[in-house]
Amino acid sequence: MGEFLGLAAGGGMLALVGVLVAAFLEQMGFLRPEKRKRLGQCAVMAGSMGGAYWLIAALMAQMNFESLSNQARITAIFRGPYVGKMVYSLLQPSFFAPLSGLFAYAAHFLGDALFGQYMFAGVALAFGCTFFSVWLVRERLFVLFGDGFSQNASFLLLCLPFAVFFFLPGWPPVGLFMLSCVFSLAGRRLEGRNIRFSGAAFHWLMAVSLCLSAMVTAGCVFGVVG
């Protein structure tokens with residue numbers, strides 16, 4: 001349990017640093033209050049959804065395999081072959097695949113800066129890539145379609161059936177970040193418009209996606225997926 005609490009404490013410390021940086025940028029005039037609000041919303045969405053995926057997976061692993069004392073180890077929760085190979089690459093980085101190798105070297109470098117906390121660095125980097133991806137998508141959709149649609153659509157991105165992989169070390173968070181950058185830049189050529197999308201439709205999409213996400217998360221715990 002101590003390792004698990006240490007992982008949570010490290011994440012909380014990074015979140016505090018992010019809040020202080022955002023407050024500093026706002027005081028310097030580089031970040032407008034309304035943009036800071038959307039930035040905070042994206043951080044809460046990414047953090048809460050990522051934490052939910054991890055917590056659900058940890059509970060599944062505890063009930064089926066072992067006690068929670070070892071759940072801070074990624075491979076004790078997510079038992080798929082890719083996750084295991086990726087965790088090993090955090091310690092011994094290699095380009096066994098382009099985006100996976102890029103993530104492994106970046107996380108290993110961050111782990112060196114964090115005094116050898118390579119596992120924590122990998123998870124933190126995955127959360128960071130996903131957070132910035134959601135923020136980029138939210139900002140572009142906000143310009144194009146307004147606040148309500150952008151908030152629902154960006155949250156739906158975190159509910160997709162395979163969204164659990166956005167919070168695990170590997171190529172998915174890197175790929176998501178690259179796609180969000182492309183979308184943000186390409187979206188400048190699009191014209192904004194007012195559209196109406198039923199809130200009930202969003203709720204149905206989220207409900208179905210979350211049910212499928214639970215199935216994928218269970219597959220990751222049992223080593224069937226990932």
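Analyst: A residue counts as buried here if its relative accessible area is under 20%. By that cut-off, Phe149, Ser150, Ala153, Ser154, Leu156 and Leu157 are the buried residues of α7. This is a predicted model, so every value below is computed from predicted coordinates.

User: What puts those residues on the same side of α7?

Analyst: The arc does. They cover only 155° around the axis, which places them on the same side of the helix. The buried residues of α7 pack against α2, α6, α8 and α9 (199-221).

User: How do you know that the buried residues of α5 line one face of the helix?

Analyst: The list runs Ser100, Gly101, Phe103, Ala104, Ala107, His108 and Gly111. Looking down the axis of α5, they fall within an arc of 160°, so they line one face. Pro98, Phe109 and Ala113 are exposed on the other side of α5. As for partners, the buried residues of α5 pack against α4, α6 (118-145) and α8.

User: What makes the span of α5 agree with what it should be?

Analyst: Take the 16 residues of α5 at 1.5 Å a residue, and the span should be 22 Å. The end C-alpha atoms are 23 Å apart, which agrees. Just after α5, Phe115 takes a positive phi of about 60°.

User: Why does Ser100 count as buried?

Analyst: Its relative accessibility is 2%, and the limit is under 20%, so Ser100 qualifies. Ser100 sits in helix α5 (residues 98-113). Beyond its neighbours within four places in sequence, Ser100 is in contact with Tyr82, Met86 and Trp171.

User: And why is Ala97 called partly exposed?

Analyst: Ala97 comes out at 25% relative accessibility. Ala97 belongs to the loop between α4 and α5.

User: Why is Pro169 called buried?

Analyst: At 5%, the relative accessible area of Pro169 is under the 20% limit, so Pro169 is buried. Pro169 is in the loop between α7 (147-157) and α8 (171-186). Setting aside neighbours within four places in sequence, its contacts are Ile74, Tyr82, Met86, Leu90, Phe103, Gly122, Val123 and Ala126. Pro169 and Met86 are 83 residues apart in sequence, yet 6.6 Å apart in space, C-alpha to C-alpha.

User: How many aromatic pairs does the rule give?

Analyst: The count comes to 10 aromatic pairs. Take Trp54 and Phe78: their ring centres are 5.2 Å apart and their planes stand at 80°, so the pair is edge-to-face. The cut-offs behind that are centres within 6.5 Å and planes over 60 degrees apart.

User: What does the pair of Trp54 and Phe78 tie together?

Analyst: Trp54 lies in helix α2 (residues 33-64), and Phe78 in the loop between α3 (74-77) and α4 (81-91), so the pair ties together parts that are 24 residues apart in sequence. Trp54 is buried, at a relative accessible area of 8%, and Phe78 is buried too, at 0%. Elsewhere, Tyr53, Phe127 and Phe167 form one aromatic cluster.

User: What makes you say that the charged end of Arg79 sits over the ring of Phe65?

Analyst: The distance to the ring centre is 3.9 Å, and the cut-off is within 6 Å, along with a direction within 35 degrees of the ring normal. Arg38 is placed over the face of Phe142 in the list as well, at 3.8 Å from the ring centre.

User: How many disulfides does a search of the whole structure find?

Analyst: The search finds 0 disulfides. A disulfide would need a pair of cysteine sulfur atoms within 2.5 Å. As for individual cysteines, Cys42 is buried at 0% relative accessible area, and Cys159 counts as buried at 0% relative accessibility.

User: What does the secondary structure of the chain come to?

Analyst: The chain has 9 helices and 0 strands. Buried residues make up 40% of its 226 residues. Among contacts with a separation of 6 or more, 67% come from residues 24 or more positions apart.

Definitions and conventions: Residues numbered from 1 in each chain as written. Predicted model: local features only at pLDDT ≥ 70, side-chain atom pairs only at ≥ 80, totals over all residues. Heavy atoms only, no water. Phe/Tyr/Trp six-rings, centres within 6.5 Å; stacked < 30°, edge-to-face > 60°. Helix = DSSP H or I, 4+ residues; strand = E, 2+ residues; numbered from the N terminus. Buried < 20%, exposed > 50% of the residue type's maximum accessible area, 1.4 Å probe, protein only. Contact = heavy atoms within 4.5 Å. Expected span 1.5 Å × (residues − 1). Arc of directions from axis to C-beta.
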